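User: Hello! I am new to this structure and would like a friendly tour. Could you show it to me?

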Amino acid sequence: MITTTDLTRVHRARGREVTALNGVDLHVPAGEIFGVIGPSGAGKSSLARCVNLLERPTSGTVTVDGLDLTALAGRGPRAGRELRAARTRIGMVFQHFNLLSSRTVRGNVELPLEHLPGLTRRERARRAMELLDTVGLADRAGDRPARLSGGQKQRVGIARALAGRPKVLLSDEATSALDPETTRSVLRLIRDLNRSLGLTVLLITHEMEVVREVCDSVALMERGRIIESGSLRDLLSRPGTRLARELFPPAAPEPLAAGELLLDLELHGIDPAASPDPVGPDPLAEILRALPGAEIRSAAVDTVAGRRAGRVRLVVPGATHRDGGGIDPDALAARFRGRGVELRVPGTPDGARGTGVPAPAAPAPGAFGEAPR
Ligand SMILES: Nc1ncnc2c1ncn2[C@@H]1O[C@H](COP(=O)(O)OP(=O)(O)OP(=O)(O)O)[C@@H](O)[C@H]1O
């Protein structure tokens, strides 16, 4: 649905050049929620703005729904007629909502409809009310935006973005100004719209939590380039990648008593149909049976892309390392490899591993790089 080819965007300001995008090849399949994550300044917003030609790329092409937008004339507010028409099929939501305070909620949703030919005032009003109903705010149509909460403002922003019946929604940090609960409800709305309207969503975020919650695929951007990408499902089975590490961060370090063995189980996409118990997928139960006395110290198991993923930390009391004749984690790991469970002893890769060795410090949960500007 969205394809960029060798997309480059160079800003020239006060005699200085900044390369915001440096040869970005992106493919977002129709009907997906595709996340783009990366630290501040990585080029995420530039990518979103180039995809709908709010900014014209320095070079490269952008194709949306089979149409090469870069071949159409103009940019930003000076876009030509064809580009303006194409852009009505791409909705956009922003971090700071960008609602007009002088207009009512309904008036804000009607705004893009005023640029569509052939709609009467009455039809505009009816369509705006339908859209407000879709986002659960029909009863607030006559209010000014200032009277709404942040989450409600963003719902209005989404209703406005849907006015032109877009096939694509670009979301640029749409939940970054919202608290976690409101974030989840706005993400649920985006997911519902994606499913009910078949909407393709390009979702820019700096929060891995957002990716984990709602995305089908994700690309990691750094310094204007995409350095990793894949579907969440594939990333689950590629534990070595940075994205997989960020998606499923290791557990925090913890003290161990002498002789205790720490085992981390990484669940990489266990099919829940094969293991109906939400916290006890079959391979885990089997591992516990193989380790008498083992105790679950912590667990973070989630359903990602329809598969169970996450991490379970076990402590096995009185187990010594294989030199001492206790359990052999490598043999155990080999036994479960290929069944969606990776088993490892956290700590250093040398002989010190096993008892009482702390795991490396975990990154702050959900955070990725710096906060947005
Ligand atoms: N209009 C502009 N003029 C000059 N430089 C710009 C302009 N817009 C962006 N840049 C620069 O391009 C780079 C990428 O910026 P961009 O806003 O796309 O990154 P980002 O990943 O969205 O960051 P953030 O998460 O902080 O919004 C940065 O170095 C930024 O300073």
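Analyst: A residue is buried if 20 or more other C-beta atoms lie within 10 Å of its own, exposed if 12 or fewer, and partly exposed in between, with C-beta atoms placed from the backbone. This is a predicted model, in which local features need pLDDT of at least 70 and side-chain atom pairs count only at pLDDT 80 or more, while totals for chains, interfaces and linings use all residues. Residues are numbered from 1 along each chain as its sequence is written.

User: What share of the protein's residues count as buried?

Analyst: The protein has 373 residues.

User: How many helices and strands does the protein have?

Analyst: Helices (H or I, at least four residues) and strands (E, at least two) are DSSP runs, numbered from the N terminus. By that rule, the protein has 11 helices and 14 strands.

User: Which element gives the largest share of the shell around the ligand?

Analyst: Here a residue is near a molecule or strand if its C-beta atom, placed from the backbone, lies within 6 Å of it. There are 15 residues around the ligand, with H11, A20, S40, S45 and S46 coming nearest. β1 (2-13), β2 (16-28) and α1 (44-51) each supply at least two residues of the shell. The largest share, 3 residues, comes from α1.

User: Which strand pairs with β1 over 5 bridges?

Analyst: Two strands pair if DSSP finds at least two bridges between them. The pairing with β1 is antiparallel, and T8 stands opposite S59. The partner, made of residues 59-64, is β4.

User: Which residue takes a positive phi in the hairpin of β4 and β5?

Analyst: β4 and β5 (residues 67-68) run antiparallel, joined by 2 bridges, and V64 has L67 as its bridge partner. The hairpin has 2 residues between the strands. The one with a positive phi, near 50°, is D65.

User: Is D6 buried, partly exposed or exposed?

Analyst: Most residues other than glycine have a negative phi. D6, in strand β1, is not a glycine but has a positive phi of about 45°. Because 13 other C-beta atoms lie within 10 Å, D6 is partly exposed.

User: And R14, is that residue buried or exposed?

Analyst: R14 lies in the loop between β1 and β2. R14 also has a positive phi of about 45° although it is not a glycine. Because R14 has 4 C-beta neighbours inside 10 Å, R14 counts as exposed.
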